[in-house]
Amino acid sequence: MEGWDPSTKSTLTRIPLLTTKAGPRDGDAWKQRLKEEYKSLIAYTQMNKSNDNDWFRISASNTEGTRWTGKCWYVHNLLKYEFDLQFDIPVTYPATAPELELPEIDGKTQKMYRGGKICLTVHFKPLWAKNCPRFGIAHALCLGLAPWLAAEIPILVDSGMIKHKDDAASSAES
């Protein structure tokens, strides 16, 4: 955690770590891991809300807990930019981090792969590997998606690659 700003360190230390090393193929152990994932996500969400930093909503979209969908948003110049968020839990989870997808902005930045998968290879994947199996979905959002949004969304907005929903609506009415 050397070189991290105090806010990131503080946030990360308050997200519960996971203990069960299990993936989708591991039966009852996977159910235990899912319980830990939910506890960690709930703690992270509550922490964000108490700090007036609410920025995502996700939930498992299938009973196995292998497909997750929701919304994430970023506020830039006092305007809220909201995006669909989705990802699948890899069969090799937790050894492999989930690939977070923002399909609405697919192809609008070079820091994204086909299908809207955000680029996390250089900075996040080594961190994930070092902390396996203690990191989970909440950690992927905190250390992967949040910094990606903070780095990319202002550039995409300022370059005109994405427009605020009110700007898009007013130009459609013209």
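Are Trp-55 and Phe-56 buried or exposed?

Modeller: Trp-55 and Phe-56 are both buried (under 20% relative accessible area, with exposed meaning over 50% and partly exposed in between, for a 1.4 Å probe and protein chains only). The model is predicted, so local features need pLDDT of at least 70 and side-chain atom pairs count only at pLDDT 80 or more, while totals for chains, interfaces and linings use all residues. Residues are numbered from 1 along each chain as its sequence is written, and side-chain values use heavy atoms, leaving out hydrogens and water.

Across the whole structure, a search finds eight aromatic pairs (rings of Phe, Tyr and Trp, the last by its six-membered ring, with centres within 6.5 Å; planes under 30 degrees apart are stacked, over 60 edge-to-face, the rest tilted). Trp-55 and Phe-56 form an edge-to-face pair, with centres 4.9 Å apart and 70° between the planes. Elsewhere, ring pairs link Trp-30, Tyr-93, Phe-124, Trp-128 and Phe-135 into a cluster.

Ile-58 stands opposite Gly-70 in β2. Six residues lie between the strands of this hairpin, where Gly-65 has a positive phi near 75°.

Finally, the charged end of Lys-80 sits over the ring of Trp-73, 4.5 Å from its centre (NZ of Lys or CZ of Arg within 6 Å of the ring centre and within 35 degrees of the ring normal).

Notes
Two strands pair if DSSP finds at least two bridges between them. Helices (H or I, at least four residues) and strands (E, at least two) are DSSP runs, numbered from the N terminus.
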